[in-house]
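Let's take a friendly walk through a protein model together. Have the picture ready to turn as you read.

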Amino acid sequence: MFHKEGHNIIIISFFFATITCLLAEFGLSNNFVFKTIIQLLALFQLIIVLQFFRNPKRNTIINENHIIAPVDGKIVIIKEVYEKEYFKDKRLQVSIFMSPINVHVNRYPINGKVQYAKYHPGKYLVAWHPKSSTENERTTVVVENDKIAVLFRQIAGALARRIVMYSKKNDIANKGEDFGFIKFGSRVDLFFPIGTKIEVELNQVVKGNKTIIASY
């Protein structure tokens, strides 16, 4: 199954690959090796697009005290920071870096109500740059329930040139449902209250909707 954000690109890529293969087969010389290389490159491009927009179905963790990973990727930051956009106090930050080969669907990590949702234009520093969280193109979403408020931020990277955010203030957030998509590599930051138990370690590979990031 493929994410809706990729439907048009997949159709265009399939059309391009088909035309390229046909042209290579019937419009070029009789050089078999050259034809084969062109056709394989066209198919490879199509496979890359298909794998990037894949949207695997995953069962959501039911436990209300668990905060699940919103995306696939690797844990690159776990630290205490001052969150200056919304909470304006100290928070625990956990950052997940997504490479272009990861699933790029963004899912709500908790149940609750969207209290804040804002898009910020910005730069395209590499996603692991210390200033990417505050200077890159990004979105900020805060979901709160009767036990906890969690802020999560989509951050564009050097390759990610489009962030899609579906969240709007006062929306009902259901854990595991899509709240957005980032195209071609990026990062997601999560900010938890001090005292939240972090369940992951640096460099750990996590899966969206599967890995427990924190508990409360």
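How many bridges join strand 3 to strand 11, and do these strands run parallel or antiparallel? Eight bridges join the two, and they run antiparallel. Here strands are DSSP runs of E with at least two residues, helices are runs of H or I with at least four residues, and both are numbered from the N terminus. Two strands count as paired if DSSP finds at least two bridges between them. In this pairing, Gln93 stands opposite Phe191 in strand 11.

Before going further, a word on what you are looking at. This is a predicted model, in which local features need pLDDT of at least 70 and side-chain atom pairs count only at pLDDT 80 or more, while totals for chains, interfaces and linings use all residues. Residues are numbered from 1 along each chain as its sequence is written, and side-chain values use heavy atoms, with hydrogens and water left out. The pLDDT is the predictor's confidence in each residue, from 0 to 100. Its mean over the protein chain is 85, and 89% of the residues reach 70 or more.

Now for the overall view. The protein chain has three helices and 14 strands. Of its 216 residues, 48% are buried, where buried means under 20% relative accessible area, exposed means over 50%, and partly exposed lies in between (1.4 Å probe, protein chains only). Contact means heavy atoms within 4.5 Å. Among contacts between residues at least 6 apart in sequence, 72% join residues at least 24 apart.

Let's return to strand 11 (186–193). Seven of its eight residues are buried, so strand 11 is largely enclosed by the rest of the structure.

Strand 7 (149–156) is worth a look of its own. Eight of its eight residues are buried, so this strand too is largely enclosed by the rest of the structure. In a regular strand the side chains alternate between the two faces of the sheet. In strand 7, Ala149, Leu151, Arg153 and Ile155 point one way, Val150, Phe152, Gln154 and Ala156 point the other way, and all are buried. Strand 7 is joined to strand 6 by seven bridges, again antiparallel, with Val141 and Phe152 as one of the partner pairs. A hairpin of four residues links strand 6 to strand 7.

What lies inside? In soluble globular proteins, nonpolar side chains tend to be buried together. A nonpolar core is a set of buried Ala, Val, Leu, Ile, Met, Phe, Trp, Tyr and Cys residues joined through side-chain atoms within 4.5 Å. The largest one here has 28 residues, and Val143, Phe152, Phe192 and Ile213 touch the most other members. Strands 3, 6, 7, 10, 11 and 14 each give two or more residues to this core, and strand 3 gives the most, with four. Leaving aside neighbours within four places in sequence, Ile213 is in contact with residues including Ile67, Ile96, Phe192 and Val206.

One has the order 4-10-8, with antiparallel pairing. Strand 4 (105–107) and strand 8 (162–165) stand at its edges with a single partner strand each, so one side of each is left without a neighbour in the sheet. Strands 4 and 10 pair over three bridges, and Arg107 has Asp178 as its bridge partner. The other sheet has the order 1-14-12, also with antiparallel pairing. Its edge strands, strand 1 (66–68) and strand 12, each pair on one side only. Three bridges link strand 1 with strand 14, where Ile68 has Ile212 as its partner.

Finally, let's visit two loops. Most residues other than glycine have a negative phi, and most peptide bonds are trans. Asn170, however, has a positive phi of about 80 degrees. Asn170 is found in the loop between strand 8 and strand 9 (172–173) and is partly exposed, with a relative accessible area of 46%. Asn209 also has a positive phi, near 70 degrees. Asn209 lies in the loop between strand 13 (205–206) and strand 14, but counts as buried at 2% relative accessibility.
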